[in-house]
Every structure is written in structure tokens, then in C-alpha cells.
Amino acid sequence: MTLTDTYTLNNGIKIPKVGFGTWQSASGEEAYNAVKAALEAGYRHIDTAAVYKNEESVGQAIADSGIPREELFVTTKLWGVGTTEDAAKALDESLKKLGLDYVDLYLIHWPNPKAFRPDFETRNLAVWKAMEAGVKAGKIRAIGVSNFYPRHLKPLLKFAEIKPAVNQIMVNPSDQQEEIVSFNVDNNILTEAYSPLGTGKIFEVPELADLASKYNKSIAQVVLRWSLHKGYLPLPKSVTPARIKENAEIFDFDLSIEDIAFIDSLHGKAGLAKNPDEVDF
């Protein structure tokens with residue numbers, strides 16, 4: 001397995017099994033240099049979002065890399081709009097900032113923004129129509145969601161013309177969100193794991209330090225390898241070139257069944273995911 005190995009989405013499109021996350025990477029040199037280092041390290045799957053406010057920097061790094069567009073997989077996300085028309089405009093704005101003719105994956109970032117509660121179903125179906133239109137227009141190759149629970153996905157699955165291909169959620173040893181993952185599996189929706197290292201909190205779990213020593217690997221490498229063993233698609237994020245490279249070096253070892261089970265048991269050791277129906281945005 002390598003950074004270019006892929007999963008196959010439910011629409012037949014291939015997606016690299018490990019992506020590079022850019023959440024909390026500041027616009028400008030920080031995000032640009034991080035993406036540049038990731039591409040140089042062999043990553044071909046880059047994940048950003050409108051709300052990260054770094055799409056221009058991400059796009060510039062992609063352009064300057066010289067890597068053919070067809071060799072890259074680029075994801076961005078829709079934020080904070082509630083109508084079909086506004087969602088279509090938001091997609092075009094993201095494409096302009098990225099400097100791309102299309103994105104490989106476009107996600108609804110949150111299922112129940114505060115401005116549209118409690119009628120999230122109507123809002124999600126409205127923006128989904130724009131995303132489906134984006135697919136038909138060649139602006140998007142696959143569409144999906146982020147932070148969706150089964151209760152948010154069910155009405156979308158009922159009425160969507162194009163089925164969600166991905167549900168990107170916070171998944172790491174501290175919170176596996178088993179109910180969501182199980183629902184994703186049952187509906188042939190790929191689970192992408194953002195914050196696979198628990199936004200850094202995973203490094204504070206002493207049991208993982210012992211396990212890393214056993215394999216002569218870093219904690220990050222062990223946890224990312226665990227994520228792949230579970231069938232997730234991890235999106236590690238770093239702005240440090242050495243760490244970016246290290247996080248890609250996870251294909252030369254396997255975890256034992258016992259150690260996978262042990263990592264599974266670390267629930268709550270490094271925090272839990274937010275309930276999307278309760279976030280203050």
C-alpha cells in the first residue's frame with residue numbers, strides 16, 4: 001500500500017486512501033508551504049473547505065507543484081448557505097479561489113447550521129440539488145457530507161438523486177462514532193476521518209507511547225495505521241515538513257489484532273466529537 005492506493009467510491013471514482021488535511025492551516029505561507037510539503041512527500045489527496053479560508057493558498061500550492069491535475073484528488077466543502085442558488089454560487093467561488101475547473105469531492109460541511117434550525121432537512125435538500133447540478137455540469141466528480149449523523153443522512157438518502165459517496169466525520173481512537181460508521185458501511189458511504197490524531201490530544205495518551213515504542217514508530221504513525229486497518233480514510237494535518245513526511249510513512253508495518261483491539265478500547269482518552277445539532281454556528 002502507498003499514498004496513491006485508493007478506495008472506490010459508490011459512483012466508481014477512485015479516492016486515495018490517505019489525504020492531507022488543511023483545517024487550522026492559516027491562509028498564506030503556512031497553508032501554501034504545508035500543501036507544497038505534502039505534495040512533495042507524495043500525498044495526492046488534499047482536503048480543504050470554504051470556512052478554512054485557505055482555498056487560495058491551497059490552490060496556489062497545487063498549481064505551483066506542476067503535478068498533472070488528473071493525478072490529484074481535491075476536496076472542498078460548502079459552508080453556511082441554505083438555498084440552491086447560494087450553494088451554486090458558493091461552489092463557483094471555491095473553484096475560483098482554488099484555481100480549478102472542478103473538484104473531485106464536494107461536501108456539505110455541517111448538517112444543521114444554527115441559522116437553519118430546526119428545518120435542516122429542507123436546507124440540506126436545497127443545497128444538495130445545487131451539488132447534483134454541479135456533478136452534471138462537470139464541476140464536481142463526487143458529492144458527500146461531513147459531520148452527518150444517521151438522522152441527518154436518512155432524509156437526504158430518501159430524496160437525493162445522487163447518493164452521498166462520503167461522510168467525513170471526526171474519528172480517532174478516542175471517539176470512533178460507531179453508530180455513524182456502521183450506518184455509512186450499511187449504505188456504501190465511505191468514512192473519512194478528520195482529526196485522526198484527535199487534534200493533537202492523542203499524543204497525550206501514555207498507552208499509545210508504549211505501543212509506538214513496540215513498533216518503533218511514532219504515535220501518529222501507529223494511530224494512522226490503525227485508521228487504515230479500520231477501513232477509514234484518515235486526513236492527517238500538520239504544517240511541519242518532517243511530520244508531514246512522517247505521517248506518510250505508515251505502509252511498512254501492520255498492527256496485530258490484539259493491538260488494534262487495544263487501541264479500540266481507548267474511548268474518551270482524548271476527547272469526543274461535537275454533536276452537530278448543538279454547535280453554536
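Predicted model: local features only at pLDDT ≥ 70, side-chain atom pairs only at ≥ 80, totals over all residues.
Me: How do you know that the span of helix H3 agrees with its 15 residues?
Reply: The expected span is 1.5 Å times one less than the number of residues. For H3 (residues 84–98) that gives 21 Å, and its end C-alpha atoms are 21 Å apart, so the two agree.

Me: Which residues of H3 are called buried?
Reply: Buried means under 20% relative accessible area, exposed over 50%, and partly exposed in between (1.4 Å probe, protein chains only). In H3, Ala87, Ala90, Leu91, Ser94, Leu95 and Leu98 are buried. Seen down the axis of H3, these residues fall within an arc of 135°, so they line one face of the helix; the arc is that of the directions from the helix axis to the C-beta atoms. Glu85, Lys89 and Lys96 sit on the other side of H3 and are exposed.

Me: What covers the buried residues of H3?
Reply: The cover includes helices H2 (55–65) and H4 (120–136), along with strands S5 (73–78), S6 (103–108) and S7 (140–146).

Me: Why is His109 called buried?
Reply: Its relative accessibility is 7%, so His109 counts as buried. His109 lies in the loop between S6 and H4. Leaving aside residues up to four places away in sequence, His109 touches Ala49, Val51, Tyr52, Lys77, Leu78, Trp79, Ser146 and Asn147, where contact means heavy atoms within 4.5 Å. UniProt lists His109 under "binding site" in an unreviewed entry; such annotations may be inferred rather than shown by experiment.

Me: How do you know that the protein chain agrees with a compact globule?
Reply: The radius of gyration is taken over C-alpha atoms, and the globule rule is 2.2 Å times the number of residues to the power 0.38. With 281 residues, the rule gives a radius near 19 Å; the protein chain has 18 Å, so it agrees. Of those 281 residues, 55% count as buried.

Key. Residues numbered from 1 in each chain as written. Heavy atoms only, no water. Helix = DSSP H or I, 4+ residues; strand = E, 2+ residues; numbered from the N terminus.
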